[in-house]
Amino acid sequence: MEIIQNFWDALVGIFTGSGLVSLDWRNYIMIAVACVLFYLAIKKEFEPLLLLPIAFGMLLVNLYPDIMAAPETTLMSAEECIKAKGSTAGYATTILNGVEYYNVPHYGGLFYYLYQGVKLGIYPPLIFLGVGAMTDFGPLIANPKSFILGAAAQIGIFITFIGAIFLGFTSAQAGATGIIGGADGPTAIYVTTKLAPELLGSIAIAAYSYMALVPIIQPPIMRALTTKKERAVVMEQLRPVSKLEKIIFPITIVIVISILLPDAAPLVGMLMFGNLLKESGVCERLSKTAQNELMNIITIFLGTTVGATATGANFLSASTIKIIALGLIAFAMGSAFGVLFGKIMYKLTGGKVNPLIGSAGVSAVPMAARVSQRVGQEENPGNFLLMHAMGPNVAGVIGSAVAAGVLLNVLA
Amino acid sequence: MDLMSKFTISASMLLTGFVIVFAVLFFLIFLIWLMGKVVTGAQNKAASRKAAKVAKEAQESTYKQPEKAAQPKLEAVKAVNPDGVSDELVAVISAAVYGMYGSSEKVKIKSIKKSKSRSAWANAGVLNNTRPF
């Protein structure tokens with residue numbers, strides 16, 4: 001009889017501890033959202049390297065919320081402690097009202113510890129290190145005017161800030177929402193962890209989703225704002241850039257930006273460090289590690305833990321819907337201002353600049369540059385805008401880091 | 001936050017962001033442009049100095065060697081190289097032709113010219129290679 005009772009108690013214990021009892025309806029909705037993201041990542045190949053880890057983190061945290069649980073300490077009397085644990089195991093003691101209690105530690109969940117890299121702002125600069133080691137700034141050095149387009153595409157950030165303020169967000173939350181317009185995942189995460197960590201899940205997912213949707217969002221805006229003649233412009237070949245220039249470039253940028261905007265130094269500094277590793281030609285092993293192993297490891301940690309912030313209780317709120325809507329506006333505005341400034345450059349240069357390269361100013365390297373190439377080739381199959389668009393594209397990375405520095409300086 | 005303070009904070013952020021981002025990036029444009037000028041200028045200077053040195057050495061060696069020995073060599077290069085194509089390129093193309101036909105067939109390269117524009121075949125090739133983008 002006792003055996004059956006023990007068996008029944010065990011069954012009841014397993015059932016009450018299972019997700020069938022502990023999860024609420026919001027967790028199930030988030031599990032469905034994670035499955036949609038799986039579909040987009042695997043079937044549609046929308047930014048799969050990031051969307052897949054994010055979706056998996058989201059799935060896991062909604063199945064087992066304690067995976068993000070913070071560590072804590074409970075006070076237990078010696079009697080309770082021995083009853084529960086079998087011994088006091090050398091726990092530290094605290095005396096309250098003359099009674100001795102043991103400090104029994106409860107360790108945090110796996111993702112809690114991995115998430116510290118996001119919370120403390122460690123992962124985004126490390127991602128930038130890898131991005132820097134993979135980026136060729138040659139097109140930007142050959143045509144530094146591309147910086148104008150990289151700056152123009154950041155206007156969306158500040159316009160969206162206004163929208164967010166009027167939708168009821170605090171100024172810090174509005175700044176974090178606006179940064180989605182920079183179309184740069186690590187920058188968005190970095191700024192959000194500093195300004196509005198409570199919105200991290202929604203903002204990261206919106207930022208990466210819109211980056212993945214660049215080929216769908218940008219072309220209609222580009223076509224609407226340009227004429228057929230403008231889109232068909234064939235640009236002159238860029239001048240070759242010497243190795244010396246490529247070495248001096250990251251050093252110059254990091255000195256200038258770190259002095260003028262110290263808040264942008266972690267992002268820009270690591271970006272330029274990665275680039276210097278690559279361009280110096282004397283640190284091939286380090287450059288390859290930054291581009292591959294380190295980048296991949298950080299991507300896995302960043303993706304899963306950012307996804308794990310999207311619990312049902314956090315994510316399913318009115319603010320998420322507002323953030324997703326504002327993110328789309330930020331992204332569209334950034335693309336539109338890039339193209340409009342491209343048109344201005346087209347006029348000023350007497351038709352030598354194809355305005356389509358302006359939309360690449362919204363970071364999202366190299367996807368936005370590919371979109372400029374593709375839309376340009378629709379008008380003129382012999383037109384190759386890719387390298388010209390890479391200039392504004394990498395300028396956009398620097399531009400969004402500068403915009404992040406401004407937001408952090410003013411709002412943090 | 002009342003309407004007036006919302007308006008104030010929005011306007012000041014837009015102005016601050018716009019001005020600082022453009023000012024920093026315009027400053028960078030100037031710096032990169034300046035860097036390009038200085039580095040390219042210095043490298044051109046070094047290259048022309050090196051070219052002058054090589055020319056001077058060649059001139060000196062021409063004076064030292066008998067004229068008969070120097071002339072056929074120059075003519076041979078000129079015959080294959082009328083269009084400003086470098087000697088290295090001529091060597092590469094010749095090696096490729098030799099690699100294709102071998103010594104069994106008698107093949108003669110009569111001229112190598114630079115194409116003024118990209119041919120339809122070259123265009124198709126570039127298009128094919130950049131299609132994934």
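User: Which residues of helix 11 of chain A are buried?

Analyst: This is a predicted model, so everything here is read from predicted coordinates. Helix 11 of chain A is largely enclosed by the rest of the structure, because 8 of its 8 residues are buried. Going along the helix, the buried residues are Ser171(A), Ala172(A), Gln173(A), Ala174(A), Gly175(A), Ala176(A), Thr177(A) and Gly178(A).

User: What is Ile179(A) in contact with, leaving aside its neighbours within four places in sequence?

Analyst: Ile179(A) sits in the loop between helix 11 (171-178) and helix 12 (185-195) of chain A. Setting the sequence neighbours aside, the contacts of Ile179(A) are Ile157(A), Thr187(A), Ala188(A), Val191(A), Ala404(A) and Leu407(A).

User: Is Ala183(A) buried or exposed?

Analyst: Ala183(A) is found in the loop between helix 11 and helix 12 of chain A. Its phi is near 50°, which is a positive value in a residue other than glycine. With 34 C-beta neighbours inside 10 Å against a cut-off of 20, Ala183(A) counts as buried.

User: Where is Ser363(A), and what is its phi near?

Analyst: Look in the loop between helix 20 and helix 21 of chain A for Ser363(A). Ser363(A) counts as buried because 33 C-beta neighbours lie inside 10 Å. Here too a residue other than glycine has a positive phi, and the value is near 30°.

User: Which peptide bond is cis, and what is its omega near?

Analyst: Stay in the loop between helix 20 (318-348) and helix 21 of chain A, where Pro366(A) has its place. The bond to check runs from Val365(A) to Pro366(A) and is cis, with omega near -10°.

User: How do helix 14 and helix 21 of chain A cross: parallel, perpendicular or oblique?

Analyst: The axes of helix 14 (residues 214-225) and helix 21 of chain A come within 10 Å and cross at roughly 45°. That angle makes helix 14 of chain A oblique to helix 21 of chain A. As for the hand of the crossing, helix 14 passes helix 21 of chain A in a right-handed way. So the word for the angle is oblique.

User: How many nonpolar residues are in the contact of helix 14 with helix 21 of chain A?

Analyst: From helix 14 of chain A come Val214(A), Pro215(A), Gln218(A), Pro219(A), Met222(A) and Arg223(A), and they meet Met367(A), Ala368(A), Val371(A) and Val375(A) in helix 21 of chain A. Sorted by class, this contact has 1 charged, 1 polar and 8 nonpolar residues.

User: What hand does the crossing of helix 7 and helix 18 of chain A have?

Analyst: Helix 7 (residues 123-134) and helix 18 (residues 284-308) of chain A pack at an angle of about 145°, and their axes are 8 Å apart. Residues of helix 7 of chain A, including Leu126(A) and Gly130(A), meet residues of helix 18 of chain A, including Leu294(A) and Ile298(A). By class, the contact has 12 nonpolar, 4 polar and no charged residues. The crossing of helix 7 and helix 18 of chain A is left-handed.

User: Which helix gives the largest share of the side of chain A that touches chain B?

Analyst: The contact takes 38 residues from chain A and 28 residues from chain B. Helices that each supply at least two residues of the chain A side include helix 10 (155-166) and helix 22 (386-411). The largest share, 9 residues, comes from helix 16 of chain A.

User: Which residue of chain B is Ile257(A) in contact with?

Analyst: Ile257(A) has its place in helix 16 of chain A. Ile257(A) is buried, with 26 other C-beta atoms within 10 Å. Apart from neighbours within four places in sequence, its contacts include Ala264(A), Val268(A) and Val402(A) in chain A, and from chain B Val24(B).

User: What percentage of the residues of chain B count as buried?

Analyst: Chain B has 4 helices and 0 strands, and from the N terminus on its elements run α-α-α-α. Out of the 133 residues of chain B, the part that counts as buried is 8%.

Definitions and conventions: Residues numbered from 1 in each chain as written. Chains lettered and ligands numbered in written order. Predicted model: local features only at pLDDT ≥ 70, side-chain atom pairs only at ≥ 80, totals over all residues. Contact = placed C-beta atoms within 7 Å. Axes fitted to C-alpha atoms, helices over the stretch in contact; angles between N-to-C directions. Left-handed = near helix turned anticlockwise from the far one by under 90°. Nonpolar A, V, L, I, M, F, W, Y, C, P; charged D, E, K, R; others polar. Parallel < 35°, antiparallel > 145°, perpendicular 65-115°, else oblique. Buried ≥ 20, exposed ≤ 12 C-beta atoms within 10 Å, placed from the backbone.
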